[in-house]
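Visitor: I am new to this structure and would like to be taken through it. Please show it first.

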Amino acid sequence: MKAVAVAVVVVLAMVQFIAEPAHAITCGQVDAALAPCVPYLTQGGEPGAACCSGVKNLKGMAATTDDRRTACNCVKAAANRYTNLKDDAAQALASKCGVAMDVPVSKTINCDT
C-alpha cells in the first residue's frame, strides 16, 4: 500500500510539472530590464553599464518566439510612452551594448514578423 501511495504522488507530481505552462516574459520584466536605458534613449550619449546589463538580461529572457514577440510589443509600448525617445539612440542600443538583439527598440516595429 505504501508503494502505491508513493507511486500516485510521483505520478501526480509529474502531471503537475508537465501541465504547468512555461513562465512567459512580462512587460514588467521588460520595463525593469530597460529602465536604466531611459536616459540614454532620451538624451543620447553612451548607455551605462546597468542599461547594457538590462539589454543582456532581456535577450536571455526572450528565449522563445512567443517571448520575443511579447518582449517586442512591450518594448514598442514603452517606446511610445516617451515622446522624446531618440530613434538613432534606440536603433544603436543593442550594438552599443555588444548584444545581438532579436527585439529592437522602436515605436513602429511590426512585432508579428
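Predicted model: local features only at pLDDT ≥ 70, side-chain atom pairs only at ≥ 80, totals over all residues.

Visitor: What pattern does the chain follow along the sequence?
Guide: Helices (H or I, at least four residues) and strands (E, at least two) are DSSP runs, numbered from the N terminus. The chain has six helices and zero strands. Read along the sequence, the pattern is α-α-α-α-α-α.

Visitor: How many Å does helix H5 reach from its first C-alpha to its last?
Guide: H5 covers residues 65–81, which is 17 residues. The expected span of a helix is 1.5 Å times one less than its number of residues. For H5 that expectation is 24 Å, and the helix comes close to it, reaching 25 Å.

Visitor: Which helices are included in what covers the buried residues of H5?
Guide: Buried means under 20% relative accessible area, exposed over 50%, and partly exposed in between (1.4 Å probe, protein chains only). In H5 the buried residues are Asp-67, Ala-71, Cys-72, Cys-74, Val-75, Ala-78 and Ala-79. Their cover includes helix H2 (27–34) and helix H4 (49–61).

Visitor: Is H2 oblique or roughly parallel to H5?
Guide: Axes are lines fitted to C-alpha atoms, for helices over the stretch in contact, and angles run from 0 to 180 degrees between N-to-C directions. Angles under 35 degrees count as roughly parallel, over 145 as roughly antiparallel, 65 to 115 as roughly perpendicular and the rest as oblique. The axes of H2 and H5 come within 9 Å and cross at roughly 60 degrees. That makes the arrangement of H2 to H5 oblique.

Visitor: How many charged residues does the contact of H2 with H5 have?
Guide: Contact means heavy atoms within 4.5 Å. H2 supplies Cys-27, Val-30, Asp-31 and Leu-34, while H5 supplies Ala-71, Cys-74, Val-75, Ala-78 and Arg-81. Ala, Val, Leu, Ile, Met, Phe, Trp, Tyr, Cys and Pro count as nonpolar, Asp, Glu, Lys and Arg as charged, and the others, Gly among them, as polar. By class the contact has seven nonpolar residues, no polar ones, and, as charged residues, two.

Visitor: Is Cys-74 buried or exposed?
Guide: Cys-74 is found in helix H5. Leaving out residues up to four places away in sequence, Cys-74 touches Thr-26, Cys-27, Val-30 and Asp-31. Because its relative accessibility is 2%, Cys-74 counts as buried.

Visitor: Is H2 roughly antiparallel or roughly parallel to H4?
Guide: The axes of H2 and H4 are 7 Å apart, and the two helices pack at an angle of about 155 degrees. That makes H2, relative to H4, roughly antiparallel.

Visitor: How many polar residues are in the contact of H2 with H4?
Guide: Gln-29, Val-30, Ala-33 and Leu-34 in H2 meet Gly-54, Val-55, Leu-58 and Met-61 in H4. These residues divide into six nonpolar, no charged and, as polar residues, two.

Visitor: Is Ala-49 buried or exposed?
Guide: Ala-49 has its place in helix H4. The C-alpha atoms of Ala-49 and Cys-37, 12 residues apart along the chain, are separated by 9.4 Å. Because its relative accessibility is 66%, Ala-49 counts as exposed.

Note on methods:
Residues numbered from 1 in each chain as written. Heavy atoms only, no water.
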